[in-house]
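Hi everyone, thanks for making time for this. Let me put the sequence and the model up on the screen, and then I'll walk you through what I found.

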Amino acid sequence: MSKPVSNLKPKPEAGDKPKSPAKPQSGDNRRGAIAGLIITIVILGVGWWLARDLTAASKMQDCLASGRSNCNVIEPAR
């Protein structure tokens with residue numbers, strides 16, 4: 001007669017070290033780093049755009065507050 005096959009894992013003995021979990025593949029680490037880099041670049045881009053826009057609005061408001069009537073920005077010819 002054959003012994004019944006059991007799906008149970010054998011109990012570790014007192015001197016055995018527990019096995020460490022498998023290391024994640026390096027592709028997973030790169031994917032997270034690239035996603036973080038992209039998010040950082042987007043946040044910096046939005047911040048740069050917002051700073052320029054607020055600076056322009058502040059200059060326009062200062063011009064209008066000083067009583068001037070022609071506060072349009074004049075671009076020099078290239």
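Searching the whole structure turns up 1 disulfide, where a disulfide is a pair of cysteine sulfur atoms within 2.5 Å. Before I go on, a word on ground rules: this is a predicted model, in which local features need pLDDT of at least 70, side-chain atom pairs count only at pLDDT 80 or more, and totals for chains, interfaces and linings use all residues. Residues are numbered from 1 along each chain as its sequence is written, and side-chain values use heavy atoms, with hydrogens and water left out.

So, which cysteines form the disulfide? They are Cys-63 and Cys-71, with sulfur atoms 2.0 Å apart. For those of you who like torsions, the angle about the S-S bond is -85 degrees, and the link is left-handed. Cys-63 and Cys-71 are both buried; buried means under 20% relative accessible area, exposed over 50%, and partly exposed in between, with a 1.4 Å probe and protein chains only. Across the protein, buried residues make up 3% of the 78 residues.

On to secondary structure. The protein has 1 helix and 0 strands, both taken as DSSP runs numbered from the N terminus (helices are H or I, at least four residues; strands are E, at least two). Let's visit a few residues of that helix. Gln-61 sits in helix H1 and counts as exposed because its relative accessibility is 58%. From Gln-61 to Cys-71 it is 10 residues in sequence and 9.0 Å in space, C-alpha to C-alpha. Ala-56 is in helix H1 too, and its relative accessible area of 45% is why we call it partly exposed. Its C-alpha atom is 9.5 Å from that of Val-73, 17 residues away along the chain.

Now the surface. The accessible surface comes to about 8400 Å², and 61% of that belongs to carbon and sulfur atoms; these areas come from the Shrake-Rupley method with a 1.4 Å probe, and for residues only the protein chains shown count as cover.

Which residues make the nonpolar surface patch of about 860 Å²? Ile-34, Ile-38, Val-42, Val-46, Trp-48, Trp-49, Leu-50 and Leu-54 do. Patch residues have over 30% relative accessible area and no salt bridge, with like charges joined within 9 Å and nonpolar side chains (Val, Leu, Ile, Met, Phe, Trp, Tyr) within 5 Å. A salt bridge here is a side-chain nitrogen of Lys or Arg within 4 Å of a carboxyl oxygen of Asp or Glu.

Thanks, all!
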